[in-house]
Amino acid sequence: MKAQHRKPQIISEDTHCQVNSLIQRLDNVKHIADSGFWISTTELKLLLSLDEIFINSLNKKVLSQPQNCKFSWRNFECTLVDHQFGESFWAINTKQNLLTDNNGTTFQTPTHIPAIQDSQQSTISDSILLKIAPEVEVIPSPYALIDDFLSTSQLNDLLRYTINSQPKFIPTTNSASDPNYRRSFYLSHFPEFSDLMVNLVRKISPQIIKHLDIKDFMIGQIESQMTAHNHGNYYKIHNDNGSLDCSSRILTYVYYYYREPKSFTGGELVIYDSKIENGYSVAADSRKVIQPTNNTIIFFPSHCMHEVLPVSCPSEYFADSRFTINGWVRHV
């Protein structure tokens, strides 16, 4: 009987290659986690072999819940940390392992501590692991303030136009769809003065960018809107580029104006310094408080957390409001 030769075990070889590929991928992910590198959504898709359906759902989650966007992949956790140049960036962290001794006591071990081998004489209950929290570095938020930004005649014409446009103002909204998060009124179409403001901001932006030590970028669209804050109006803490449609905003500006004598109090702009906490950039305790002074304009990076404190305007007349033209400088 003729001997039969077995065919090479292709399936076994493929499996071996797949295992080696998986090990390599896990090593790559762990290297990024240990190094603290941020990677974009596109890079994350390639690294973790994520399908297009998951990426689409992830982008929707980033848009709707940017402050609490994370997901798990094996024993790693991917956390949204920033938006830069129209792209979302993620930090990868290794989840901590839970070990239980014979007495049922649970110990939480940092992932950088190697697993205990059988040849080792010590046991987990023999050791005490100390986790020392690193000092939190506070990152100052810069700003630039310019007095007497418009001429007297321009300011008077702007005030007259704004007060006469009261019927066109509508209530403001926010991406969180929370009616208690922001209260004010705005006007998005005012070409008589939006063109003036945009042209002035475009002209001065290169100097402001250099002054604030912002990485140079190619200036694209400059947005503007007219806003009125009256009695009880405010805007809780937020930033201006935390969602996908706003991620290209680099520089925020706010121009203040109102009728003299001033008929309101409050309405200060509070700009918070920042710190990194659990992979997120969050507001620190330190802050700058900017008074809304007539005919001044302030610039600050759009990623900075800030808020508008409540306004008190006893007359509640629209003409006595705290008015602003505010907007954002986007990169191309």
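Lys-275 counts as buried, at 17% relative accessibility (buried means under 20% relative accessible area, exposed over 50%, and partly exposed in between, with a 1.4 Å probe and protein chains only). Its salt-bridge partner Glu-277 is partly exposed at 39%, and the two side chains meet at 3.6 Å, N to O. This is a predicted model, in which local features need pLDDT of at least 70 and side-chain atom pairs count only at pLDDT 80 or more, while totals for chains, interfaces and linings use all residues. Residues are numbered from 1 along each chain as its sequence is written, and side-chain values use heavy atoms, leaving out hydrogens and water.

**Salt bridges**

- Side chains of opposite charge can pair when their charged atoms come close.
- A search of the whole structure finds 8 salt bridges, each being a side-chain nitrogen of Lys or Arg within 4 Å of a carboxyl oxygen of Asp or Glu.
- Glu-223 pairs with Arg-330, with their closest N and O atoms 3.0 Å apart.
- Glu-223 sits in the loop between β11 (219-222) and β12 (225-229) and Arg-330 in strand β21 (residues 322-331), so this pair ties together parts that are 107 residues apart in sequence.
- Through shared partners, salt bridges join Glu-223, Arg-249 and Arg-330 into one network.
- Within helix α1 (residues 10-35), Asp-34 and Lys-30 lie 4 residues apart, about one turn of the helix, and their side chains form a salt bridge of 2.7 Å, N to O.
- Asp-34 is exposed, at 52% relative accessible area, whereas Lys-30 is partly exposed, at 36%.

**Helix packing**

- Helices and strands here are DSSP runs numbered from the N terminus (helices H or I, at least four residues; strands E, at least two).
- Helix α4 (residues 152-164) packs on helix α5 (residues 191-211) at an angle of about 140°, their axes 10 Å apart.
- That angle makes α4 oblique to α5 (under 35 degrees is roughly parallel, over 145 roughly antiparallel, 65 to 115 roughly perpendicular, and the rest oblique).

**Surface patch**

- Trp-38, Ile-139 and Ile-276 form a nonpolar surface patch with about 270 Å² of accessible area together (Shrake-Rupley method, 1.4 Å probe).
- Patch residues have over 30% relative accessible area and no salt bridge, with like charges joined within 9 Å and nonpolar side chains (Val, Leu, Ile, Met, Phe, Trp, Tyr) within 5 Å.
- Ile-139 is found in the loop between β6 (106-109) and β7 (144-146) and is partly exposed, at 38%.

Technical notes:
Axes are lines fitted to C-alpha atoms, for helices over the stretch in contact, and angles run from 0 to 180 degrees between N-to-C directions.
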